[in-house]
Every structure is written in C-alpha cells, then in structure tokens.
Amino acid sequence: MNFSPTDSQQKIQQCARDFANTRVAPFARAMDERGEMPMELIHELGAHGWLGGALPKEYGGEGWDNVSLALCYEEFGRADSSVRGLMTVHMSLVAQCILKWGTDEQKKIFLPKLARGEWIGCYALTEPNAGSDAASMETTADEYENEFILNGEKIWITNGNIADVAIVFATRAQSLKHKGICAFLVETNLKGFTREKMRGQELGHRASDHAYFRFENMRVSKSALLGNVGEGFKVAMSALDHGRLGVAAGALGVAQACLDASVDFARTRRQFGQRIGDFEMIQSVIANMAADVDASRMLVYRAAWLQDQGQRATRETSIAKLFATEAAMRAASEAVLLHGGRGYSNEYPVERYYRDIKGLQIYEGTSHIQRIVIARDIIGKES
Ligand code: CAA
C-alpha cells in the first residue's frame, strides 16, 4: 500500500496551492461580502487550466487522474468554497459526465470549450418538489417528431446564471419513476428558457451563483440526449459520484483551513499569562481536529483512487462525502469557538468557513442521503 502521491500529483497539488493562495484566498472575504465572483477570476481559472484539467488532452485538458483532481479541489477548498464549488460543478458534474455519456459529436462540440472555460457548465436536477427524491421530478419532456418539448422548473442551480451549457433532467412520465428520466445536453440560449438569481441571501457560498430555471415549451433536438431515453437517472447518479468526490475534497480543504487558522491562533493568542495553545483543553480541540482531517484525507484519496481503477465507487465516495463534510462542520464550529469573539466576526476567515461548510453537508446529496446510499449498498436488495 502506497500513501504517497506521485510526483505529478504533488506537482498539480503545489500549483493548485500556489494559485489558490495568491489568486483566490486574498479575495475570498471581498467576494463573500459582495456576494459575487468576478468573471475575470473565472476566465483566469480557465486560462490556467483549472477548469479542464481532468479532461483528456485530446479535448484540451491535462488528463489528470481523479486523485490529482481531488488534490486540486482540496487546495481550492482551503482558499474558498464558492470558487471550489464552481469548479466542481463545471468539471466533475458536467465535463466528466459528458466524457462518460456523450456521443463523439457532443464531446467534440462541448468539451474543448468547457476545458478552456470559454463555456461554463451547470447541472439542472433539483426542483421545488424534488430535492432528495430526485426521481420524483416534475419537469416533463414530451416527444414530438424529432424533438422533445420541456416544461418545468429547476432551483438551486450552481453556476446557473452564467452557464453557457446545462445538463437538464426531465421525465417522459412520472409514473415511470426513475426509468422515465432523460438527460439533455443543451446550450442556454434556447427559446423557452428563462433564468434568474435565487431569491434570498444564502447562509454561505455567497460568492456562488445560484439560479432558478424555468422551461416553457423549450424545444430540444433528440441529438441533445445525453445517454439513451430513460437512462437519465443513471446519468445523474453517476455524475454525482464524481461531484460528491469533489465536495468531499473541498470539505477536506475547509477542515484543513480551520486547523491551520486554529493552530496559528493557539500559538499567538495569550490569556492567563500563556499561549492558549498551552492549555490542555485547547490542545484537545486541535488534536481532535487533526485526527478528523487525517481521516477525511484518507477517505477522500481512497475514493478518488478507486474511481481511477475504473470501479464504481459509489459507497466509498458517499462515505468520504459524509465523513469529510461532518468532520469539517465540527472543525469549523470548534475553530470559531477557539477564536472567541474574533471568530464571530468576518475579521477572521473561520466565520466564513463556518457558514460555507453547511452548504457542503446539503448539496449534491445531504448527509442523510449519503447514509441511505451507504446503508443500502451494505445491506443490499432483498432477494
Ligand atoms: N451510478 C449509476 N447508476 C446508479 C447509481 C450510480 N451511482 N445510483 C443509483 N443508480 C441506479 C440504480 O442502480 C437503479 O437502477 P436500476 O433500476 O437499473 O436498478 C436506479 O439508478 C435507481 O436507483 P435507486 O432505486 O437507488 O433510486 P432512488 O429513487 O431510491 O434514489 C437516492 C436514490 C440515492 C436517494 C437518489 O435519489 C439521490 O442521490 N438523491 C439525492 C439527489 C442529490 O444529490 N441532489 C443534489 C443535486 S445537485 C446540487 O446539489 C445542486 C448543484 O447545482 C450542484
């Protein structure tokens, strides 16, 4: 068993760390306060290859394996969850999904533009009445001659307002349950499609773009099908295997950031005539956080490595997402407490980590859903 990343994986991690430390972390507080991510930063991510590294070279990517991708997300997650979230939706939920399910023509049209960040991708699954129970979606896809006609709504679509490309899921008939669902790969300039910013202010991920979509008789050619008719639910779930790995790696980055900030503070803050890090109660917090970070790291890298072996690693990916997001939630809560009054203000970044991490426990399948996925896989179907 080898626990060391390869030279090339380490190089990717180091480059990601350098870029995230210099081009993302210094602007994270301002982006959070303004509630938006500058398009220049998104273009810069694209120009430096951070939006397409996981795609094969023939489509303009770098041919990274999933371990490299997880290392990259970990580093961006340490700097800013909104930026890491944009990357994960674009690269894992959309680009890797097209790579797996797309026709040669779809790959040729969409992947090079996505790899360079010329086009941004989004993944439209969630609806007002179909969140955790994704198969109960109400958006309809009615077949008419050489087209499908889509009607319905989607919510909480990350990157939705800036996306040029969307993977949209819709059902031919709700009575068919998951077997009725189709996936469509579409450009976002089609007639009958409207979008707007989600209402209300989010708890965290405030620099992310979250959209509400409406489809009113949106006509989609049959050539836009991603996968076969009725295979859409499998397309959605297999994309989430990649996306959830990205969320788990991002959560690991948040937990590492909480640990780094807490160690710095414990070394410098003095009370009762000594560094607070010399009190055993504070040492216990730091030790528990370090153990959680290590355990998350092992689970995230294992899931990534299993995906690289070409195995379906749904259970291990859900275990990684469940553990890493819950561990980062604990770490963020303890980090705020350890910083005392300072942690309660955005003068220190732990306040943002605490708000952001809640999102990672919810999106791409809540912790409850991850437990369902894990337990069902362990117990198996009744024979
Ligand atoms: N890969 C391939 N196929 C899969 C799969 C996977 N990972 N997981 C399940 N399937 C297949 C099953 O094998 C089954 O196929 P058969 O009919 O051939 O047996 C089929 O899909 C149906 O599976 P289930 O019976 O398990 O389906 P279910 O309706 O009971 O749902 C669930 C299971 C795990 C609860 C699923 O609905 C789920 O993951 N829900 C959470 C949805 C979610 O994560 N939403 C977040 C959306 S993205 C987002 O957050 C916003 C954003 O912008 C990023």
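A salt bridge is a side-chain nitrogen of Lys or Arg within 4 Å of a carboxyl oxygen of Asp or Glu. I begin with that term because Asp80 and Arg352 form such a pair, with their closest N and O atoms 3.4 Å apart. Asp80 lies in the loop between H4 and helix H5 (81-101), and Arg352 lies in helix H10, so the pair ties together parts that are 272 residues apart in sequence. Helices here (H or I, at least four residues) and strands (E, at least two) are DSSP runs, numbered from the N terminus. Asp80 and Arg352 are both buried, where buried means under 20% relative accessible area, exposed means over 50%, and partly exposed is in between (1.4 Å probe, protein chains only).

Before I continue, two remarks on the basis of this work. This is a predicted model, in which local features need pLDDT of at least 70 and side-chain atom pairs count only at pLDDT 80 or more, while totals for chains, interfaces and linings use all residues. Residues are numbered from 1 along each chain as its sequence is written, and side-chain values use heavy atoms, with hydrogens and water left out.

Let me turn to the other salt bridges. How many salt bridges does the structure hold? The number is 17. One of them joins the side chains of Asp32 and Arg355, at 2.7 Å from N to O. This pair links distant parts of the chain, as Asp32 belongs to helix H2 (residues 28-34) and Arg355 to helix H10 (residues 350-362), 323 residues apart. Are Asp32 and Arg355 buried or exposed? Both of these residues are buried.

A further salt bridge is formed by Arg297 and Glu74, whose closest N and O atoms are 2.8 Å apart. Here, too, distant parts of the chain are linked: Arg297 sits in helix H8 (residues 280-308) and Glu74 in helix H4 (residues 66-79), 223 residues apart. Arg297 and Glu74 are likewise buried.

The side chains of Gln256 and Arg297 make a polar contact at 2.9 Å. A polar contact is a pair of N or O atoms within 3.5 Å; within protein, one must be able to donate a hydrogen and the other to accept it, and residues adjacent in sequence count only if both atoms are side-chain atoms. Why is Gln256 classed as buried? The reason is its relative accessible area of 14%. Apart from neighbours within four places in sequence, Gln256 is in contact (heavy atoms within 4.5 Å) with Arg78, Val293 and Arg297.

Helix H7 also contains Ser238. Ser238 counts as buried because its relative accessibility is 14%. Its contacts, leaving aside neighbours within four places in sequence, are Lys100 and Trp101. Between the C-alpha atoms of Ser238 and Arg78 there are 26 Å, and the two residues are 160 residues apart along the chain.

Ser318, in helix H9 (residues 314-338), counts as buried because its relative accessibility is 1%. Not counting residues up to four places away in sequence, Ser318 touches Arg244, Gln370, Val373 and Ile374. Cys122 is found in strand S1 (residues 121-124), and Cys122 is buried, with a relative accessible area of 0%. Among the residues that Cys122 touches beyond four places in sequence are Val89, Val94, Ile157 and Phe213.

Finally, I come to the domains. The protein is divided into domain 1 (7-120), domain 2 (122-232) and domain 3 (239-379), with bounds that come from an automatic or database domain assignment. The centres of domain 2 and domain 3, taken over C-alpha atoms, are separated by 31 Å. Seven residues from domain 2 and nine residues from domain 3 take part in the contact.

What is the area buried between domain 2 and domain 3? It is about 640 Å², of which carbon and sulfur atoms give 63%; buried area is the accessible area (1.4 Å probe) that two parts lose on being put together, summed over both. Between domain 2 and domain 3 there are zero salt bridges, and three residue pairs are in polar contact, both residues at pLDDT 80 or more. On the side of domain 2 that touches domain 3, three residues are nonpolar, three polar and one charged. For this division, Ala, Val, Leu, Ile, Met, Phe, Trp, Tyr, Cys and Pro count as nonpolar, Asp, Glu, Lys and Arg as charged, and the others, Gly among them, as polar.
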